Amino acid sequence: MPLPKLIITADDYGMSPRFNQGMLEAANAGLVTGISVMIKRKYIRKSDLLNLRIPIGLHLELESVSTYKEIVSQIKRFMGRFGRLPAYLDGHRHQHLTPKNLGSVVRAAERFDLPLFLEPVRRFP
């Protein structure tokens with residue numbers, strides 16, 4: 001049986017230049033295994049991300065109830081910006097896991113054959 005792989009993802013790329021810089025430093029130091037991009041944000045530098053040797057995912061920004069169309073729109077926006085599909089999908093503040101969004105997110109992930117992070121963050125004391 002293979003050993004489990006530890007996945008450490010830096011979320012919220014695009015939120016601000018300072019967030020981005022910290023994520024890039026962590027990635028270049030080998031401290032994270034992926035970066036998730038908020039594709040609707042203005043602080044995205046494609047060249048910084050494409051030079052990394054780690055997966056770049058899509059950090060979906062969803063409302064408490066979002067449509068399938070909105071999810072597909074963000075995936076297509078990522079494709080337009082990076083010229084490829086994201087390596088995976090996850091969601092800001094776990095909105096992709098809410099009962100009202102999960103079905104549409106799963107449907108979009110299946111349509112584009114994308115892995116979907118379903119495990120919510122575990123809180124430690």
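**Reading the salt bridges and the core**

Modeller: In this predicted model, in which local features need pLDDT of at least 70, side-chain atom pairs count only at pLDDT 80 or more and totals for chains, interfaces and linings use all residues, the side chains of Arg-45 and Asp-48 meet in a salt bridge, 3.3 Å from N to O. Residues are numbered from 1 along each chain as its sequence is written, and side-chain values use heavy atoms, with hydrogens and water left out.

Biologist: How many salt bridges does a search of the whole structure find?

Modeller: Side chains of opposite charge can pair when their charged atoms come close. A salt bridge here is a side-chain nitrogen of Lys or Arg within 4 Å of a carboxyl oxygen of Asp or Glu, and the search finds 3. One of them joins Lys-40 to Glu-70, with the closest N and O atoms 3.4 Å apart. Lys-40 lies in the loop between strand 2 and helix 2 (46-50) and Glu-70 in helix 3, so the pair ties together parts that are 30 residues apart in sequence.

Biologist: Which residues touch the most other members of the largest nonpolar core?

Modeller: In soluble globular proteins, nonpolar side chains tend to be buried together. A nonpolar core is a set of buried Ala, Val, Leu, Ile, Met, Phe, Trp, Tyr and Cys residues joined through side-chain atoms within 4.5 Å, where buried means under 20% relative accessible area, exposed over 50% and partly exposed in between (1.4 Å probe, protein chains only). Of the 31 residues in the largest core, Ile-35, Val-37 and Leu-49 touch the most other members. Helix 3 gives the most to this core, with 6 residues; helices (H or I, at least four residues) and strands (E, at least two) are DSSP runs, numbered from the N terminus.
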